[in-house]
Amino acid sequence: MDKLSKARSELREMDALAAGNSPVHRLHPLCKLLVTVAYIATVVSFPKYRFSALAVMVLYPVLMFQAAGIPVGLCFYRLRFVLPLVCAVGLANPFLDRTVVLRLGALTVTGGVASMVTLMMKGVFSLMASFLLIAATPMDSLCAALRKLRVPGVLVTLLLLTYRYIGVMLEQVAVMTEAYKLRAPGQKGIHISAWGSFLGQLLLRSMDRAEELYGSMRLRGFRGEFHYARVPKCRASGVLWTVGCAAAFLLARLVDIPALLGGLLVR
């Protein structure tokens, strides 16, 4: 299977994951969206040296992945191209901040190392929570939740169309790549001299396909905004789950739970 076919297969698998029937999937999409935003905001707000307190925040995505029946390893595999970039953000910190903030016997931890680890954890945890939201919520339901938050319809429609029709663009790229391979047998990849014409043809084919899609949408009653998926009213259990998660995030932010547990164990 080539890379383009693999990418299209992964998109279909994401839709299949979002159509699951676990307790996490059955939660109201607005509740999941609010909890995810609260989780990311809490993770980002931790001070740069408190990596031990931040470690507690990993419990939310891990437990939710288990409840949703989604392997945690699948998250890291799908984000394999983004995670190295996120982890590379703080690589220069150990050379910029050499202040000693922690001593463990003969081992000293500088502020640069602590801030680097904290930045990496923030990025990884935020990506895990975002992937969990997408993998456990159909895109139509997520867009409906965004509209309930009064997000402009233009932005929501753009998000939905981008997600839905990225597969169409991949299909066009696959057709053009196959045609190029037939005209240049034995050549690995697309030669640099053909990049300009290849991208130009892709743009023209995408514009033609977009006109066809827009015409189909107009015939089906589209007048500038979609009728997004109908979502049921939020139940009391969803509200309690949202409030409970927000309270747990606030507790983890205000109280250094690992240090508290360590002090109790020492006693």
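Visitor: What makes E212 partly exposed in this predicted model?

Guide: The relative accessible area of E212 is 48%. Buried means under 20% and exposed means over 50%, so a value in between counts as partly exposed. E212 therefore is partly exposed.

Visitor: Why is R209 called partly exposed?

Guide: R209 has 32% relative accessibility.

Visitor: How many salt bridges does a search of the whole structure find?

Guide: The search finds 2. One of them joins the side chains of R78 and E13.

Visitor: What makes R78 and E13 a salt bridge?

Guide: The N to O distance is 2.3 Å. R78 lies in helix α5 (residues 72-78) and E13 in helix α1 (residues 3-18), so the pair ties together parts that are 65 residues apart in sequence.

Visitor: Is R78 buried or exposed?

Guide: R78 has a relative accessible area of 14%. That is under 20%, so R78 is buried. E13, at 38%, counts as partly exposed.

Visitor: Why is R150 called exposed?

Guide: Its relative accessible area is 68%. That is over 50%, so R150 is exposed. R150 sits in the loop between α9 (139-148) and α10 (153-183).

Visitor: What is the phi of R150?

Guide: Phi is near 65°, a positive value in a residue other than glycine. Most residues other than glycine have a negative phi.

Methods. Residues are numbered from 1 along each chain as its sequence is written. This is a predicted model: local features need pLDDT of at least 70, side-chain atom pairs count only at pLDDT 80 or more; totals for chains, interfaces and linings use all residues. Side-chain values use heavy atoms; hydrogens and water are left out. Helices (H or I, at least four residues) and strands (E, at least two) are DSSP runs, numbered from the N terminus. Buried means under 20% relative accessible area, exposed over 50%, partly exposed in between (1.4 Å probe, protein chains only). A salt bridge is a side-chain nitrogen of Lys or Arg within 4 Å of a carboxyl oxygen of Asp or Glu.
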